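Reader: I should like to go through the terms applied to this structure and hear the grounds for each. Please show the model.

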Amino acid sequence: MFINRLRSDLLKKISLPLTVSACLAATVSGGDAPRLRLNADANWRFTTGDPADAQAPSFDDSAWRTLTVPHDWSIEGAFDPKAPMGGAGGFLPAGVGWYRRVIQVPVEWQGRRVAVEFEGVYMNADVYLNGQKLATQPYGYTTFFVDLTPALAVGKNILAVRVDNSRQKNSRWYSGSGIYRHVWLHVTNPLRVAPWGVFVSTPTADRDRATVSVQTELVNDSDREQTVSVQTVLVSPVGKQLAQLEAPVTASAGGVQKISQQTVVVRPDLWSPHNPQLSKIITRVTVSGQVVDEVTTAYGIRALAWSAERGLTISGEPVKLHGGCVHHDHGCLGAAAFDRAEERRVQQLLDAGFNAVRVAHNPPSPAFLDHCDRLGLLVMDEAFDMWDEAKLSEDYHVLFKDWWERDLTAFIKRDRNHPSVVMWSIGNEINERSRAIRLADAETAQRLADCVRALDRTRPVTEAIVARPKAGVAEEEAIFDRHCAALDITGYNYTIGKHAEDHARVPDRVMVSTESFNRDTANLYHNQLNAHTYIVGDFTWSALDYLGEAGIGRVVPDGNAGGHGEEQHWPWHGAECGDIDLTGFRRPHSHYTNIVRNAGEKLYLAVRQPVADGHQIGVGDWAVYPELASWTWPGFEEQKIQAVVYARADKVKLFQDFRDGQRIFEKRIGRDQRYRAEFDLTYRAGALRAEAWRGDEKIGEQVIITAGEAAALTLTADRQEIAADGQDLVFVTVEVTDKNGVWRPDAAPELTFTVSGAGVLQGVANGDISSLEPYQGSDQHHAWQGRALAVIRSGTQSGDIKLTVSADGFPSASVTVSARQVKRENVLP
């Protein structure tokens, strides 16, 4: 056993010079710190394939790539219609891969426990240390810990991870492959707080007072009983100590103790979507006055309640969930969960007017939830896409019986301190074919819900259900109602229109539209969501475009776009159904959704895609008719074209200016018109100007102008300064314009991207889901609809990063951002 003996022969095998080893020990040993949490993302060796004995310490990995995780090897590959992942996985490769890295252990860790935390490995991860297999984690979305202590030695250790995503098909959407989230090394004392061992809840909270309840789980891996004190310090968002609680505990040898503490905070700093104030708890474990462990836990003071009479409330205030569903990929970054990419995604959703997100259909990265907490985006946190009945031959149903309780427990424990999480979802569209299966599913739903409530009773449990009972068939309705009775809030996928008959039958049922078509947004808000308190929200499918489920929202000329049937939709490799496309540009329907939901926007002007006489556009089941905020339609001169104005107003005026004059149109607009007005025009180059009026006040205006010849490339970086930590990102949009800066949406030049200085080109994209150009490994990509995206990743050295974009017939364009040096503490070398 490591820790209990020091073997001089192992010390002699340390490959680093003594001076470097001493420096290393000073860097990572932490001195007298009771707990170390070291980032272990860097210095991994990686290869695809399955070489024999790759777990062995003596294995020669010198020919492997050196990389820093998060990493997704699938996104690095080429599209292939015969790829095992198929259209569901975006026609990208999968297979088996290996990761290895050195852990150099200093002598100061003697007497400590050492564990590695993987936030996410997709999938079937086998973890080895020094050739010894220590753990297996099949489900690729579960964060898991591996105790390295039994196989760890002072000096050089080899941590190896085999990742097996070869068992296709296992996912209905793009999963990615590899160690796609962060890795951490934890060094603690044998007497310590368990992983996710602090649970903070606020069962009651309002502006005057809040009850704060803290549960702490203590582990004693030593061989003797110890008398300890558990101190809990409450700290306000501005750093003020609010209270200190203390409890004496007798920690039995090899045992686990649970401690409950509670206090009242007067005039608390409440967390809400509009004011997301984060408080913290500091937990200290002391023995004879010496601190042996210390953990800081962020949380928010807010209380949830739900009922058919009042709907969902946060600290007493009613809230409607204006939500969207998202999968976990980042387009050209694949599944790699970079912190900045997760932050950008939260910002995109909020900027588009969403106040809630459903993470479909798996636990998200911790970084995503951290940003939701900080920025105020509410979350429906979802565990599974299936239970014990298959949707695909190798999906989670093969694991469910043996793993559901472990995976669900880890999911709830990891996420239950996030104030942004307001609902647990235990499943999505669980198969309900036969009567026997439906009865079994009702029982399974009860087991899963009971498991959730045993860990957290402060949030409602839901499930996204798509199947419906036959109306008026008592036995069918009884089975359905039994299933729903296991839930606190029943989720309806595409069937919320049946709410009235269900409410009449079960008046106390609280409902949420867990999925709806984008095209149904106006009807949902007009007739259902805003009219009934028992419907607490809606989640449109989807808020963000994503890889996989190829072509369910595609738009095709002169054909039937269809719905599911992803294998037949080659070369589409993504869904093409998001309000926001794969590069981050908002589609016009996103603005319409914002206006319908009264989320801040007042006016938006777009033009429906025109078609030549005798032709038509095929629109997929999850698509809306294509529109662009452009008045540049070459080839359609003097032909009929339709402009659409969306407005939160009483009336709109549309002015068509062209060389020989002007035409003026006016229409009523409002709730009865679904906040939408259409204008039949004849296309002539010039300009369109829309005005929104409320009474005698003009509340909005938008102008779109016909562009001249494509003449320039305009680059816009989303940030001017990033951290030189090897993981920060800057997203640079490219827009093709005329000489006056007017967007030219029909321009599609091949762009060349050149990065110099303190960064690298991580990925490129253009939003065209049918394009077969690679997302990574190439410095060239065509523009589509006159736009493209480049993602730059920082290195570990400070300095300027310059991106230059060039194309034949255009002057090159450049943008420069600065990578600042950051103090890199708590990083495993």
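Reader: What makes residues 1-27 a stretch to be read with caution?

Author: This is a predicted model, and pLDDT stays under 50 over residues 1-27. Where pLDDT is low, the predicted coordinates should not be read in detail. The model has 32 contacts beyond four places in sequence for residues 1-27, and they fall under that caution. The chain as a whole averages a pLDDT of 92, and 94% of the residues score at least 70.

Reader: What makes strand S1 and strand S9 the edges of their sheet?

Author: The sheet is open and has four strands in the order S1-S12-S5-S9, with antiparallel pairing. Strand S1 (35-39) and strand S9 (144-147) each have a single partner strand, so one side of each lacks a neighbour in the sheet. From one strand to the next, the twist averages 20°.

Reader: How do you know that strand S5 and strand S12 are paired?

Author: Pairing requires at least two bridges, and six bridges join S5 (residues 113-118) to S12 (residues 183-188) in the antiparallel sense. One of the partners is Val-183 in S12, which faces Phe-118.

Reader: Why is Thr-216 called buried?

Author: Buried means under 20% relative accessible area, and Thr-216 has 2%, so the term applies. Thr-216 belongs to strand S14 (residues 209-220); its contacts beyond four places in sequence include Val-193, Val-230, Ile-259 and Thr-283.

Reader: Why are Phe-145 and Trp-196 called partly exposed?

Author: The class lies between the 20% and 50% limits. Phe-145 has a relative accessible area of 27% and Trp-196 has 22%, so both fall in it.

Reader: What makes the pair of Phe-145 and Trp-196 edge-to-face?

Author: Ring centres must lie within 6.5 Å, and planes over 60 degrees apart count as edge-to-face. Phe-145 and Trp-196 are 5.1 Å apart, centre to centre, with 75° between the planes. Phe-145 lies in strand S9 and Trp-196 in strand S13 (residues 191-205), so the pair ties together parts 51 residues apart in sequence.

Reader: Why does the pair of Phe-384 and Phe-400 have that name as well?

Author: Their ring centres are 6.3 Å apart and their planes stand at 80°, so this pair is also edge-to-face. Phe-384 lies in the loop between strand S25 (378-382) and H5, whereas Phe-400 lies in helix H5. Both residues are buried.

Reader: Which residues have the most contacts inside the largest nonpolar core?

Author: They are Phe-384, Tyr-396 and Leu-408, in a core of 91 residues. Helix H5 (residues 397-415) gives the most to this core, with seven residues. Phe-384 touches Tyr-396 and Leu-408, among others. A second, separate core has 33 residues, including Leu-38, Trp-109, Leu-129 and Leu-148.

Key
Residues numbered from 1 in each chain as written. Predicted model: local features only at pLDDT ≥ 70, side-chain atom pairs only at ≥ 80, totals over all residues. Heavy atoms only, no water. Helix = DSSP H or I, 4+ residues; strand = E, 2+ residues; numbered from the N terminus. Axes fitted to C-alpha atoms, helices over the stretch in contact; angles between N-to-C directions. Buried < 20%, exposed > 50% of the residue type's maximum accessible area, 1.4 Å probe, protein only. Contact = heavy atoms within 4.5 Å. Core = buried A, V, L, I, M, F, W, Y, C linked by side-chain atoms within 4.5 Å. pLDDT = per-residue confidence, 0-100. Phe/Tyr/Trp six-rings, centres within 6.5 Å; stacked < 30°, edge-to-face > 60°.
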